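This report goes through selected side-chain and helix features, one topic at a time. Please keep the sequence and the model at hand while reading.

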Amino acid sequence: MSFTTRPELSGTFGMVASTHWIASATGMSILEKGGNAYDAAVATAFVLNVVEPHLNGPLGDLVGMIWPRGEDTPIAVCGQGTAPAGATISHYRSEGLELVPGSGLLATVIPGAFDALMLILRDYGTMGLEEVLSPAISYAENGHPMLPQVASSIASIADFFREEWPSSAAAWLAGGAAPKAGERFSNPDLARTWTRLLEETASVGDRSERIEAARECFYRGFVAETIENYLSDACVMDATGERRKGVLTAQDMAGWQASFEPAIAGSYGQWALWKCGPWTQGPVLLQALNMLEGAGVADVDPRGPDFVHLVTEALKLAFADREAYYGDPNHSDIALSTLLSKDYAAQRRALIGSMASLDMRPGTIGGQEDLARAAIARNDMEAVIGDGPGVGEPTMAHLTSRRGDTVHFDIVDRWGNMISATPSGGWLQSSPVIPGLGMPLNSRAQMFWLTEGLPTSLAPGRRPRTTLTPSMALGPDGRRLAFGTPGGDQQDQWQLSFFLRLADHGMNLQEAIDAPLFHTGHLQASFYPRQFKRGHLLVEPAFGEDVIGALRARGHRIEVSAPWAAGRLTAVSQEKNGIFRGAATPRLMQAYAIGR
């Protein structure tokens, strides 16, 4: 066993791994009080809203997978809200837009994260609303240590807040100044919002009925009313540098609910894997694994150039299909069975050569050739970048100067209940704080196109093809695994390397997380301004000069990151003998796994 930055945790009681140590400790405290994984998940998620506000918020999105004890397969959780009734291509075009902005009021879809958490708690949790909300209320009211990344995010747009988004200035610039890293920071309006939610539902004695009452308060009560009152007058600057009004209404919120749906199954060797459907980018992982299954990736050094090259080239092909064919299956005919078939993967695998491809190459699906042609045309578009905030995805802010999304957690309890979830959106850079609520709206609508006839065309009631993509797997030895990461378009890329190193090369969870990471930008970006970085490959310097030089020689356009800069993976597992394991990335120095 090689040296790891942290031990792979093991125990028999439970494991919580998340992207912030306070959230992980909160989740573990819930398990210690007798709660199950789903109770812990809800408490963890609400605390992540408080301590990582630059990456997620209550008015954002959540995509999850739950694997209840005794069930043969996981279940997908859709907390991805849909486009509002007023979100039409014609309206956005009339606003002078060619792309949906990356921030501001027109970037908003119906908030989904809160309802997803309530659905999980109602149907699979055991604790009451007050028990799972209290930790978040305490940190919002009494304060928590300000993360350096949060302080940096606020400082970078403090002047913008003062000039254009005064409600955000009031929330994030207490006393008029940007907070410093490490200082105690509170969000009293958010604490008051959750306290009022508890007060307005306090008379409902039944646990499930009180959760339903909270959903009513949020989507048809004071939260929705406050949002609508603000949006009725607000006209704010977005990522294009122009001021525009939004289209979200209280009626939109009242008509939407989170839901459970079957997870999408795939396989790799003797492993079974599950992802959420093509309304996420999740099937990319399954497509790439299908291609790599016959490409010899199991026989090469998992830290060597052959591994990086094969994985990157498979990902380029899978992402080309994502751009052409993925979308909301409730609104479009998605040829998922073809995309996930082994025969289709064999055709795609044949395109992987010894040199880096510089082309956009979606596959051919009968009757949908026009979608492939449209995807190829889009990757040559000229990006027009405005002066407002919201360019790029916040998790990657440390890798480029302007790219500001997302948090993640994995939990397993003593009974074997498991969850993997990726909350996102509603971050502080996305939209002004709603006065009185202490939370901004999301910006997930930027993943729609303002072109008719696509699975990802903007349309009322349609889900954007989100980047959020948690994972679950079952090994040939009966081991159950939950894993994921923040990172926008990089999420399934980093998860793919992690999984292959685990499944093919025998690394433990922490070894697979610590191993050098890489990702490609050779894809149509999901975030405004939707750029395509032809031939791009980012690698961590830990690969070494020989590996990096070999990749350059194969035609990859290399970007070497700072040390320990790519990926925020976490993972938990349960073995057949009842041993639990957990691990979390050392990158950014804040994710933590806790267990016993």
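## Salt bridges

Asp-306 is partly exposed, with 33% relative accessible area. In this predicted model, the side chain of Asp-306 meets that of Arg-554 in a salt bridge, at 2.3 Å from N to O. Arg-554 also counts as partly exposed, at 21% relative accessibility; the cut-off for buried is under 20%.

A second salt bridge joins the side chains of Asp-489 and Arg-322, with an N to O distance of 2.8 Å. Here Asp-489 counts as buried, at 6% relative accessibility, and Arg-322 is buried too, with a relative accessible area of 1%. Arg-581 pairs with Glu-575, and the closest N and O atoms of this salt bridge are 2.5 Å apart. Arg-581 is partly exposed, at 22% relative accessible area. Side chains of opposite charge can pair when their charged atoms come close.

Salt bridges also link Asp-115, Arg-122, Asp-123, Glu-212 and Arg-215 into a network. In the whole structure, a search finds 29 salt bridges.

## Aromatic pairs

The search of the whole structure finds 20 aromatic pairs. One of them is formed by Phe-218 and Tyr-219, whose ring centres are 4.9 Å apart; their planes stand at 50 degrees, so the pair is tilted. Phe-218 has 0% relative accessibility and counts as buried, and Tyr-219 counts as buried at 1%.

Phe-483 and Phe-498 form another tilted pair, with 5.2 Å from centre to centre and 45 degrees between the planes. Phe-483 belongs to strand E17 (residues 480–484) and Phe-498 to helix H18 (residues 491–503), so this pair ties together parts 15 residues apart in sequence. Both Phe-483 and Phe-498 are buried.

Phe-218 and Tyr-219 also belong to one aromatic cluster, together with Phe-46, Phe-114, Trp-194 and Trp-256.

## Charges over rings

Two arginines are placed over aromatic rings. Arg-480 has its charged end over the ring of Trp-67, at 4.4 Å from the ring centre. Arg-596 lies over the face of Phe-13, and its distance from the ring centre is 3.8 Å.

## The buried side of helix H6

Which residues of helix H6 (residues 148–156) are buried? They are Val-150, Ala-151, Ser-153 and Ile-154. These residues span an arc of only 160 degrees around the axis, and therefore lie on the same side of H6. An α-helix has 3.6 residues a turn, so residues three or four places apart point the same way.

The buried residues of H6 are covered by parts that include helix H2 (37–51), helix H7 (158–163) and helix H8 (166–172).

Ala-295 sits in the loop that runs between helix H13 (283–292) and helix H14 (305–325). Its relative accessible area is 24%, so Ala-295 is partly exposed.

Which residues does Ala-295 contact, leaving aside neighbours within four places in sequence? The contacts are with Leu-310 and Arg-349. Ala-295 and Arg-349 are 54 residues apart along the chain, while their C-alpha atoms are separated by 7.2 Å.

Conventions. Residues are numbered from 1 along each chain as its sequence is written. This is a predicted model: local features need pLDDT of at least 70, side-chain atom pairs count only at pLDDT 80 or more; totals for chains, interfaces and linings use all residues. Side-chain values use heavy atoms; hydrogens and water are left out. Buried means under 20% relative accessible area, exposed over 50%, partly exposed in between (1.4 Å probe, protein chains only). Helices (H or I, at least four residues) and strands (E, at least two) are DSSP runs, numbered from the N terminus. The arc is that of the directions from the helix axis to the C-beta atoms. Contact means heavy atoms within 4.5 Å. Rings of Phe, Tyr and Trp (its six-membered ring) pair if their centres lie within 6.5 Å; planes under 30 degrees apart count as stacked, over 60 as edge-to-face and the rest as tilted. A charge sits over a ring if NZ of Lys or CZ of Arg is within 6 Å of the ring centre and within 35 degrees of the ring normal. A salt bridge is a side-chain nitrogen of Lys or Arg within 4 Å of a carboxyl oxygen of Asp or Glu.
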